[in-house]
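User: I would like to go through the terms used for this structure and see what each one rests on. Please set the values against the cut-offs.

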Amino acid sequence: MAALDGVQLVHDVQDACLCDRNGRRIGRVDALALTLTEGKPLRVSTILIGGAVRAERVGTWMVRLRGAIAAMLHHDRDFGVSRVPFSAVRVIGGTIELDVDGATLPSSRLERWLGDHIIGHIPGSQGENK
Amino acid sequence: MKKWLEIALGIVTGIGGFLEVGSIATSAQAGSEFRYQLVWALALGVISLAFLMEMTGRLAAVSKRTYVDLLREHFGMRFFLVALIAVFVVSLMVLMAEIGGVGTALQMATGIAFAWWAVPVAVLGWMVLWRGTFGIVEQGTATLGLLAVSFAVGAVKAHPDWGALGRAFIPSRPTENPARYWYLAVSILGASISPYLYLFYSAGAVEDGWTQDYLGVNRITSGLGNLFGGTLALAVIVTAALVFAPAHIQIERFEQLGSLFVSPLGRAGFWLFVATLCITCFGATLEIALSIAYLIAQGFGWEWSENLRPARNSRFSTVYTVAILVAAIPAALGISALSLTNMSMVLSAASLPFTVIPLIALMNDGNVMGRHCNGWISNIALISISVLSIALFFVSLPLQITGGG
């Protein structure tokens, strides 16, 4: 990743649409994690993607609601959250391109499950373009 | 040549997009109860929608992003969630009304109760979405919807008083039943300025790969398309004023509308009305189901495109599948299309501030629009529509209670 001169985190990165190395949309920047190492400036270390992270931004009621649903489904509280190192960022533009395979991320689990178990079994669903 | 074809298709789509269960029902009710008096509300709705579509189309062509993308990116998760819930609920209700509208048209054609048609209509709609491309959804039903031109022929043959019609473009106070008058005015505005119309238009601009070269096409199609669509809704007001009002017929059931064009066009008028209602409501069903899927997929950054095979964007395909099937339930349970329509049009009007007011910031943000920011005419129009949307937000529900019955 080239130097990030002039990039405003809130304006250009937070909530921006993310694409993987194959150009597929894989979610949005739901939150950013910062790392503070002694003697060094504050550094953006991780991009977080997923419903549990979004819930924290909405409010405690949403966190509780999601927590209750996660408990019912026997999932961890941060089930489906992807943590992508910020060093995987290739380009910041209209969308942010990441050097990852989106299909393997935890936040793409629902997409994979629906494709494997429901949508993919319906005639006419497979292939590239219609 | 290609641009002219796009303009022609865009105008046709505008006609098909504008005319649907809401605009037909509210226009017929307005004409039968208040003659030409509510024409101004339709004109205001048409002009507002044309401005909003031009702006969301320009936004998409310049930024290469949809309006929903920018709502999330510029206003953050909390505001986006409120807008998403408001637009989702309203769009789902309008979708229910459209499926009821198709069912009612089929009931008028076959005599088989509309409730029996709800699920087959939803399944057929889903099949078109599953197999069809964006172009088929956008232009296919819209082209068939050209049948609606017969409405204009019918209205002219009913011999309207052109002077009185012209004067009705200026708002006037109701002479009787003010609560019902303002309720119908809000319903007409809600039917005309449905959020799904401009969200769908903005997503379509990205699906079709619009660039800044398309700004002229955008301006013409959003202006002329809505003008023609609005003219056909005006034809419904005029004909209802000339056919139903003198006979003191109030629209209580959709089926009554079958006789609207019989007097000016004969028996063919019945079949033209039924076919137009069926096709335009079916077209709107497809557009709204897709709009709901666009809204959610774009908001959360999922892969989305009607031109991709469904397994390439499973979450997107699942949303329109579930939406269209769930929306068939009220009609399948026998809830009439007219009651669904009136309720959804009023709620649609109430939801407008969430998608209209943010446009003021986006259309004047040089980082998004470059040198294509709003000029003073567009800004005056947008601020006026925003004020109108706030007024509608506050008056919609009280009017639903006082004038809805």
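Predicted model: local features only at pLDDT ≥ 70, side-chain atom pairs only at ≥ 80, totals over all residues.

User: What makes up the secondary structure of chain A?

Analyst: Chain A has four helices and seven strands. Helices (H or I, at least four residues) and strands (E, at least two) are DSSP runs, numbered from the N terminus. The elements of chain A follow the order α-β-β-β-β-α-α-β-β-β-α from the N terminus on. Along the principal axes, the C-alpha atoms of chain A fill a box of roughly 55 × 40 × 20 Å.

User: What makes S2(A) and S6(A) edge strands?

Analyst: They belong to an open sheet of four strands in the order S2-S1-S7-S6 (chain A), with mixed pairing. Strand S2 (25–28) and strand S6 (89–92) of chain A each pair on one side only. Strand S1 (residues 17–19) of chain A is joined to S2(A) by three antiparallel bridges, and Cys17(A) has Arg28(A) as its bridge partner in S2(A).

User: Why does Tyr214(B) count as buried?

Analyst: A residue is buried if 20 or more other C-beta atoms lie within 10 Å of its own, exposed if 12 or fewer, and partly exposed in between, with C-beta atoms placed from the backbone. Tyr214(B) has 21 such neighbours and therefore counts as buried. Tyr214(B) sits in the loop between helix H10 (195–207) and helix H11 (215–243) of chain B. Its C-alpha atom is 8.4 Å from that of Lys3(B), 211 residues apart along the chain. In chain A, 25% of the 130 residues count as buried.

User: What makes the span of H14(B) close to the expected one?

Analyst: The expected span of a helix is 1.5 Å times one less than its number of residues. Helix H14 (residues 314–332) of chain B has 19 residues and reaches 27 Å from its first C-alpha to its last, close to the expected 27 Å. H14(B) is mostly covered, with 15 of its 19 residues buried. After H14(B) comes Gly334(B), with a positive phi near 95°.

User: How many residues does each chain bring to the contact?

Analyst: Chain B brings 27 residues and chain A 25 residues. Residues are in contact if their C-beta atoms, placed from the backbone, lie within 7 Å. On the side of chain B that touches chain A, helix H4 (67–110), helix H5 (114–131) and H14 of chain B are the elements that give two or more residues. H4(B) gives the most, with seven residues.

How values were computed:
Residues numbered from 1 in each chain as written. Chains lettered and ligands numbered in written order. Contact = placed C-beta atoms within 7 Å. Pairing = 2+ DSSP bridges.
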